Amino acid sequence: MGSDLTERLLAGDKLACARLISIVENESPGYQEKLEIVYPHTGNAHTIGVTGPPGSGKSTLTDKLAGRLADMGEKIGIVAIDPTSPFTRGAILGDRIRMAGVSDNKNVFIRSMGTRGHLGGLSKATANALVILSAYGCTYIFVETVGVGQSEIDIMRCADTTLMVLAPGLGDDIQAIKAGIMEIADVFAVNKADREGAEKTYRETMAMLDFRNDWDFKPPVCLTVAETGEGVDLLMDSLFAHKNFLSSSGKLIEKRAKKKAAHVRDIIRDRLDARVEELLTSYVPINNEGSDPYTLSESIINQIDYSKV
Amino acid sequence: MRPIRVLVAKPGLDGHDRGAKVLARAFRDAGMEVIYTGLRQTPEQITQAAVQEDVDVVAISILSGAHMHLLPRVVSLLKEEGVYDETLVLGGGVIPQEDIPLLREQGIQEIFTPGTTTTETIEFIRNNLKRELA
């Protein structure tokens, strides 16, 4: 049954893809072996990270971009990430609502994921889902998440091209948005460009980009109205321009190597973390202990059994 | 233990989504991951979402009266995709009592009419899942 699933995935079976994404997300028994089997079949998917403040129209824009690419014969994967409640551990994963255009297109696979309190582990869960989608045969994969925190910036490390979607009148000035995200964006879209304030947002973005003059690829800023599709063709041109820049400059190879290194780091951190967690749950601090925190930590660290990691 | 994944779907031309949204929020508060499809979904769109999202439950809300056509159609599509046996299919909304036995025969496990509490619905799901949560 197990090898059956990976075989079916590589043959393009949609249900096998869905089931394997669940297996790797849940880290079900045997999930690592399955990833090892399919990993050699990855590498053909260009991954586009879509981020930006809530309400900027990321899902609507992703729907339009995915639709255009699917019409061109590409096989599209979309991973839409929404926050899990830290209290109830439940989540409303509502990005599919805005993707009605492609939701029954047989060349588009959409998967919704909750953050599940992963913190750092979310980028690992996302990276593993991307391995499955790539082995499934996707040529383009969109990873969509709200860009307001460090873990969301981390997720963008899985992307080849990062698209930052802004919109006027959301109450945020460009300056208020985390500097880290602005620095990793390769392409900008000022969406809802038919609204008041769009020109200002556009000008502020361009001005911010003018602060640097050592760009090897200066991020284009596109005006879009995702609802109507206006400007989407020019945005696609910008995304293709970045993709072509990556291949022709050799940067793609460099980026993929960094991605793999980041993935390895996430896996190692997660496994060590789990082992340390186990040790710490059995550690009961006694207030009157003579030792300082440093000596106490040393003795616990010395108890880590690497054969159990 | 992994969370239960539920697809809350509104098929056809029915524009009343308050009930579906109340249910979606209750499921979230009960620790479930809820994929809410929005309005005006075709049975094909609902089935594709159920397959891609690998859900445990498909909860269909209909207040338009088209339940005798739409609900069995979703069941037959889920069977075609090979996921029906592992999916709990539920219906809710304005569905007359006399239609319920017919719908059960067609493969909808249970129908929840107005007045059912969200607690009852959540308990039913927890007790009737067709797959392990391990």
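Buried area is the accessible area, found with a 1.4 Å probe, that two parts lose on being put together, summed over both. In this predicted model, the area buried between chain A and chain B is about 2,300 Å². Carbon and sulfur atoms give 49% of that area. On the side of chain A, the residues that lose the most area to chain B are R19(A), I92(A) and R96(A), which together make up 25% of what that side buries. The model scores are ipTM 0.94 and pTM 0.92. For chain B, the mean pLDDT is 93, and 100% of the residues reach 70 or more.

In terms of contacts, 26 residues of chain A meet 28 residues of chain B. Between the two chains, 19 residue pairs are in polar contact, counting pairs with both residues at pLDDT 80 or more. Three elements of chain A give two or more residues each to the side that touches chain B: α2 (14-26), β3 (91-93) and β4 (108-114). Of these, α2(A) gives the most, with seven residues. By residue class, the side of chain A that touches chain B divides into ten nonpolar, eight polar and eight charged residues.

Charged side chains also pair across the interface, where four salt bridges are found between chain A and chain B. One salt bridge joins the side chains of R116(A) and E33(B), with an N to O distance of 2.8 Å.

Strand pairing also links the two chains. Strand β3(A) pairs with strand β2 of chain B, which spans residues 33-36. The two strands run in the parallel sense, and the pairing extends over three bridges. Within this arrangement, L93(A) stands opposite I35(B), a residue of β2(B).

Conventions. Residues numbered from 1 in each chain as written. Chains lettered and ligands numbered in written order. Heavy atoms only, no water. Contact = heavy atoms within 4.5 Å. Polar contact = N/O pair within 3.5 Å; in protein donor to acceptor, adjacent residues only side chain to side chain. Helix = DSSP H or I, 4+ residues; strand = E, 2+ residues; numbered from the N terminus. Nonpolar A, V, L, I, M, F, W, Y, C, P; charged D, E, K, R; others polar. Pairing = 2+ DSSP bridges. pLDDT = per-residue confidence, 0-100.
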